Amino acid sequence: MSFINGLKCRECGRQYEKQPIAGCEDCFAPLEIDYNYTAISRALSREVIESRPKNLWRYRELLPLDSDPVVGQSSGATPLVRAERLARALGVETLFIKNDSVNSPTLSFKDRVTAVAINKAREFGLEAVGCASTGNLANSVAANAAAAGLPAYILIPENLEQSKVIATQIYGARVIAVRGNYDDVNRLCSEIADRFPWGFVNVNLRPFYGEGSKTFGYEIAEQLGWRAPAAVVVPMAGGSLVTKIYKGLKEFERLGLLEGDVATRMFGAQAAGCNPIVDAVRRASNNIRPVKPATIAKSLAIGNPADGYHAAEIIQQSRGWAEDVTDEEIIDGIRLLAETEGIFTETAGGVTVAVARKLIAEGRLRRDELTVIAITGNGLKTQEAIELAPPAVIEPRLAKFVETVSRPASA
Ligand SMILES: *Cc1c(COP(=O)(O)O)cnc(C)c1O
Ligand SMILES: [Zn+2]
């Protein structure tokens, strides 16, 4: 049975049938899935969820599919780890890391959104799929399209990290690099979506795709023992994930699945070189002023974020805040997480850790609050960002080893 009534415009409320569609035809605002929460609350309980396999489909009534998923069986159910050493380094008591750098199949949180979008493309009978991507979405669409047996057309900015390009092409996707930044790529992608009858996951499948991000929030709550955290720090590109984690927590509250209520404050993280949502929050506004990105955090480099308005709104409404950090601080964040917790994250994760550190120093994140940091991508994909001295090379003799380790390592 279906738990979805259809689609609904977030601004004007106009209703639509379930279909591939980019936004409201009247007011161009994003469309939301219109769920039948009464039916969902009859079908879903903690016991039902706990009895299911550990992947994101354990929350399937809250995801917009009408049939059994054919891809995404390995996605979601990533670790929520207590980060005691990082907590001590940052000066807080209770810190957790939600670690999507080990999400499957492609090592980022994008495996959640793509699982929903590719299954939806199959349900709609679309012949091919595609996306505009800053890298991780490209990897995930290519992998899941291959697993679903669909051709994929993937548009990326020309300057993307090598690992992200290879980890897209390997799946047999058609990868096209565009001279320009993500916003140029996205504009072209919208034109292509008008011309070809394909499913573009972040254009005409966007209302469905975004819902996959809610599972990041569901899992945090379930892993905390059916409780919402006091604060979550989330990296922002298009601004969708930060809003969907909050939506997920609120849905769990509404369905009576949580101990206590949701008083979670949402904190957004961006690079100083691409901070349009942070800038809006600082002005106490929801109005995004687009910027031209210049940062090593390429996966977050969206100068004109599609959900920027909504992200700024949720951050302010939840009494959170947003901060940005420099490229140097991003590198420090990556190293700090690796050295304290043994987790190698990509530049976006460096942004999140560095912003959390800043928020704690500013007193905006309080020492005694249960805080979750969203680590969304894997460091093996953005190795260009890190410069380390090469390892010492020695002859295979014990004396050489002893001599080498008795000298301080060059940083
Ligand atoms: C896409 C992405 C984000 C941000 O996602 P939005 O929903 O577009 O804000 C965060 N981290 C990583 C690693 C990503 O690839
Ligand atoms: Zn509308």
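On the side of domain 1 that touches domain 2, E3 and helix H1 (37–43) each supply at least two residues. By class, that side of domain 1 has 5 nonpolar, 1 polar and 3 charged residues. Here Ala, Val, Leu, Ile, Met, Phe, Trp, Tyr, Cys and Pro count as nonpolar, Asp, Glu, Lys and Arg as charged, and the others, Gly among them, as polar.

This is a predicted model, in which local features need pLDDT of at least 70 and side-chain atom pairs count only at pLDDT 80 or more, while totals for chains, interfaces and linings use all residues. Residues are numbered from 1 along each chain as its sequence is written, chains are lettered from A and ligands numbered from 1 in the order in which they are written, and side-chain values use heavy atoms, with hydrogens and water left out.

**Stop 1: the two domains**

Select 1–43 for domain 1, then 80–106 + 210–385 for domain 2. These bounds come from an automatic or database domain assignment. The centres of the two domains, taken over C-alpha atoms, are 27 Å apart. In contact (heavy atoms within 4.5 Å) are 9 residues of domain 1 and 10 residues of domain 2.

Domain 1 and domain 2 bury about 750 Å² between them, 52% of it on carbon and sulfur atoms. Buried area is the accessible area (1.4 Å probe) that two parts lose on being put together, summed over both. Now pick Arg10, Tyr35 and Tyr37: they supply 61% of the area that domain 1 buries against domain 2, more than any other three residues.

**Stop 2: salt bridges**

A salt bridge is a side-chain nitrogen of Lys or Arg within 4 Å of a carboxyl oxygen of Asp or Glu. The rule gives 38 of them, with 3 across the interface of domain 1 and domain 2. Show Lys247 and Glu32, whose side chains meet in a salt bridge at 3.2 Å, N to O.

Next show Lys18 and Asp66, another salt bridge, with the closest N and O atoms 3.1 Å apart. Lys18 is in the loop between E2 and E3 and Asp66 in the loop between helix H2 (46–50) and strand E4 (80–82), so this pair ties together parts that are 48 residues apart in sequence.

**Stop 3: the sheet**

Helices (H or I, at least four residues) and strands (E, at least two) are DSSP runs, numbered from the N terminus. Two strands pair if DSSP finds at least two bridges between them. Select E1, E2 and E3: the 3 strands form an open antiparallel sheet in the order E2-E1-E3. The edge strands, E2 (15–16) and E3 (31–35), each pair on one side only.

How many bridges join E1 to E2? There are 2, and E1 covers residues 4–9. Leu7 has Tyr16 in E2 as its bridge partner. Between E1 and E2, which form a hairpin, are 5 residues, and Gly13 in the turn has a positive phi of about 80°. On the E3 side, 5 bridges join E1 to E3, and Ile4 stands opposite Tyr35.

**Stop 4: a loop**

Most residues other than glycine have a negative phi, and most peptide bonds are trans. Go to the loop between strand E5 (95–99) and helix H4 (110–123), where Pro105 lies. A cis peptide bond joins Ser104 and Pro105, with omega about 5°. Leu107 lies in the loop between E5 and H4; although not a glycine, Leu107 has a positive phi of about 65°.
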